[in-house]
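Work through these exercises with the sequence and the model side by side. Try each task before you read its solution.

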Amino acid sequence: MMVGMEAVSDPRLEAAFVKVDDALVELREVGVVPADPRDAIGVVRRLEHVSRQVYGLQAGLVGEIDRRGLHRADGHKSVRAMVGWAADLSPGDATKRARAAKVLRDMPAVAAAVAAGSISVSTLDRIGATHANTRVRDQLIASEDHLAVVAGAISYGHFHQYLKHWEAMADADGLRDKAERDHERRDFSVRQNLDGSFRFEGGCGSVQGTVTLAIFQAYVTAEFEADLAEARARLGDGASLDDLCRTD
């Protein structure tokens, strides 16, 4: 089924949709064609930024339809079923969008990050899956300020592992006590060895550790990009990872 291009009743909303359509036409005419490998990353990220914001609007629309019960007029049993039919979604994608709507409703800090395009669709869906677990939902909502920061700071793969670990702990008795103990027992030390070298040791709770890891990875990425730029300046765009002056 093709999704129709029917005009909406609100003239301001219709005008906004027309502007978006015109912008997309212009984008296609210009051509989403990167100039070089480095530019390809930038183009991917710019287009992804747009896609994330659109998905946030789609999920927010599901929440508004549900809040006002607009899905019931045509006999749909759920907003998921109505939006799935109207947008021609698979059952799985309709469920993900409905879960995302509930996250945006209950977690304003996450909703703000989604609106800003700093959280990927995959990350939002991962949060939605955890939010669907009623045993940890209240704790998740209570932690949403930290969660929004972490979700926007690290990759999906690391965030998936972080939230998996968090959920496993939250689903067990005594989560808060353990998390508080981990935080209270945080430590860090710098020791100099007899040969003059140094050793760094320490530990902290999961939230602080995840944020620290994100900061560390940001510096690692910056150093990698600097080495890659140096190799390309020396050897041209054909330089590979083997040509870098340092290993990761």
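**Exercise 1. Which residues does valine 150 touch, leaving out those up to four places away in sequence?**

Step 1. Look for contacts, meaning heavy atoms within 4.5 Å. Valine 150 touches Phe159, Tyr162, Thr210 and Val211.

Step 2. Valine 150 sits in helix H8. Helices here are DSSP runs (H or I, at least four residues; strands are E, at least two), numbered from the N terminus.

Step 3. Valine 150 has 1% relative accessibility, so it counts as buried. The scale is relative accessible area: buried is under 20%, exposed is over 50%, partly exposed is in between (1.4 Å probe, protein chains only).

Step 4. Compare sequence and space. Valine 150 and threonine 210 are 60 residues apart in sequence. Their C-alpha atoms are 7.0 Å apart.

A note on the model: it is predicted, so local features need pLDDT of at least 70 and side-chain atom pairs count only at pLDDT 80 or more, while totals for chains, interfaces and linings use all residues. Residues are numbered from 1 along each chain as its sequence is written, and side-chain values use heavy atoms, with hydrogens and water left out.

**Exercise 2. How many residues are in the largest nonpolar core, and which have the most contacts inside it?**

Step 1. Recall the term. A nonpolar core is a set of buried Ala, Val, Leu, Ile, Met, Phe, Trp, Tyr and Cys residues joined through side-chain atoms within 4.5 Å.

Step 2. Count. The largest core has 26 residues. Val110, Leu124, Ile127, Leu147 and Phe159 have the most contacts inside it.

Step 3. Find the suppliers. Helices giving at least two residues each include H2 (37-68), H6 (121-131) and H11 (206-235). H9 gives the most, with five residues.

Step 4. Zoom in on phenylalanine 159. Leaving out residues up to four places away in sequence, it touches Thr123, Arg126, Ile127, Leu147, Val150, Ala151 and Ile154.

**Exercise 3. At what angle do H2 and H3 pack?**

Step 1. Know what to report. Two packed helices are described by the angle between their axes and the distance between the axes.

Step 2. Read the values. H2 and H3 (residues 79-86) pack at about 130 degrees, with axes 10 Å apart.

Step 3. Classify. H2 and H3 are therefore oblique to each other. The cut-offs: under 35 degrees is roughly parallel, over 145 roughly antiparallel, 65 to 115 roughly perpendicular, and the rest oblique.

Step 4. Name the contact. H2 uses Val62, Ile65 and Asp66, and H3 uses Val79, Met82 and Val83.

**Exercise 4. Which residues of H5 and H8 make their contact?**

Step 1. Start with the axes. Those of H5 and H8 come within 7 Å and cross at roughly 25 degrees. That makes H5 roughly parallel to H8.

Step 2. List the residues. H5 brings Pro108, Ala109 and Val110. H8 brings Glu144, Asp145 and Ala148.

**Exercise 5. Is aspartate 88 buried, partly exposed or exposed?**

Step 1. Locate aspartate 88. It lies in the loop between H3 and H4.

Step 2. Use the area. At 42% relative accessible area, aspartate 88 is partly exposed.

Step 3. Check the backbone. Its phi is near 60 degrees, a positive value in a residue other than glycine.

Conventions:
Axes fitted to C-alpha atoms, helices over the stretch in contact; angles between N-to-C directions.
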